[in-house]
Amino acid sequence: MQETGNKIFTQATGQTGTQAAVNQQSVHAGMENASASSPTLTLSAKKMPRLTIRVGNRTLSFSALDAGSQAGIVFEPYTVRSGISMAANLREAFREIDLLRNGWQRAMVLVNSPVLMVPVDEYKDSLKEVFFKHAITGREGETVMSAVLPSLNAVAVYSINKDLKLVVDDHFADVRFTHVCTPVWNHLYRRSFTGVRMKLYAYFHDKRIDVFSFQQNRFKFTNSFDTNLAPDAVYFILNVWKQLAFDNRRDELHLVGELPKRDELVQELRQFIQNVYVINPKAEFNRAPITEIKGLPYDLLTHFLKSQG
């Protein structure tokens, strides 16, 4: 089991965010198949919303608000072809998917890639590429991007493939980019105010786990690990739990997303942590119609519920 390149951002180090980013070079932060037919939009021509493009780990999907559908959005995963780049897959999708022929001018792109978390007080846009490439290696041919998280007093610095970004920019006049975890961080931060116990969150997506915790109005910890195996997930989560000195009987662990072997994972974790909870989107969002969409990632769910709210 090998920890991926993620940046730990924790107050326990006693360092500034920028110093921690430089000193922990080896640690980086966190960071379906298509349906047979394409859905049809019934959107008003007066104000077209943004098309949302989610670029995952060898996955690609397209979605948009749609007042004419029961769920309130239209969602279409794209079958990614192996052997060609994600940029090439996106070019093919524009030729094949009816949803993409609706005259979109605006887009929101959610990108899954390693992320470096920097406290907002320490962030300088002119230095983001220097710090990112110093802390996260092996990302040549990529454009370094940033997403400000005002509620958490942090800036998420991540990257996107240059060819992929060029394809997006060529098709839309107005494009916004953000990290795929941005809506999840924002939502679970607000959720963390319930109760008085410390909480650790583990978000499973794209064969990766993003593990994070909040304290006051900032990250207490954030890191990510590449794995889709329950035993690996247990190891990584318990290691973080121990590092943060959480109380096994009092504090809480919340799991969300595409859990591998859910029952086995939860049973193993409960041998060490008393309060383990699996977040059920249907219960969490009062059985909102959007939660009925099969295969919709939790990050897209929180993204659209925020847009509608």
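Visitor: How do you know what is counted here, and how is it numbered?
Guide: This is a predicted model, so local features need pLDDT of at least 70, side-chain atom pairs count only at pLDDT 80 or more, and totals for chains, interfaces and linings use all residues. Residues are numbered from 1 along each chain as its sequence is written, and side-chain values use heavy atoms, with hydrogens and water left out.

Visitor: Why is isoleucine 53 called buried?
Guide: Buried means under 20% relative accessible area, exposed over 50%, and partly exposed in between, with a 1.4 Å probe and protein chains only. Isoleucine 53 has a relative accessible area of 0%, so it is buried.

Visitor: What is isoleucine 53 in contact with, leaving aside its neighbours within four places in sequence?
Guide: Contact means heavy atoms within 4.5 Å. Beyond those neighbours, isoleucine 53 touches Leu60, Ser61, Phe62, Met108, Val109, Leu110 and Phe172. Isoleucine 53 and leucine 90 are 37 residues apart in sequence, and their C-alpha atoms are 9.7 Å apart in space.

Visitor: What is the place of isoleucine 53?
Guide: Isoleucine 53 sits in strand 1. Strands (E, at least two residues) and helices (H or I, at least four) are DSSP runs, numbered from the N terminus.

Visitor: What is the order of the sheet of 5 strands?
Guide: The order is 3-2-1-4-8, in an open sheet with mixed pairing. Strand 3 (73-78) and strand 8 (174-179) are the edge strands, since each pairs on one side only. Neighbouring strands are turned by 20° against each other on average, direction ignored.

Visitor: How do you know that strand 2 and strand 3 pair?
Guide: Two strands pair if DSSP finds at least two bridges between them. Strand 2 (residues 60-65) and strand 3 have 6 bridges, in the antiparallel sense.

Visitor: What is the order of the open sheet of 3 strands?
Guide: The order is 5-7-6, with antiparallel pairing. Its edge strands are strand 5 (116-119) and strand 6 (142-149). The twist averages 30° from one strand to the next.

Visitor: How many bridges join strand 5 to strand 7?
Guide: There are 4, and the two strands run antiparallel. Methionine 117 stands opposite alanine 156 in strand 7. Strand 6 and strand 7 (residues 154-161) pair over 8 bridges. There, serine 146 stands opposite valine 157.

Visitor: Which strands does helix 3 lie across?
Guide: Helix 3 (residues 128-135) lies across strand 5, strand 6 and strand 7, at about 105° to strand 6. Axes are lines fitted to C-alpha atoms, for helices over the stretch in contact, and angles run from 0 to 180 degrees between N-to-C directions.

Visitor: What makes a set of residues a nonpolar core?
Guide: The members are buried Ala, Val, Leu, Ile, Met, Phe, Trp, Tyr and Cys residues, joined through side-chain atoms within 4.5 Å. The largest such core has 63 residues, and Leu60, Phe62 and Trp185 are among those with the most contacts inside it. A second, separate core of 25 residues includes Trp241 and Leu259.

Visitor: Which residues lie nearest the centre of the largest cavity?
Guide: They are Val118, Tyr123, Lys124, Lys128 and Phe131, out of 10 lining residues. A cavity is a set of points, on a 1 Å grid over the protein atoms alone, where a 1.4 Å probe fits but cannot get out; lining residues have an atom within 4 Å of a point. Strand 5 and helix 3 each supply at least two residues of the lining.

Note on methods
1 Å grid on protein atoms, 1.4 Å probe; cavity = no way out; pocket = protein on both sides within 12 Å on 5 of 7 lines; lining within 4 Å.
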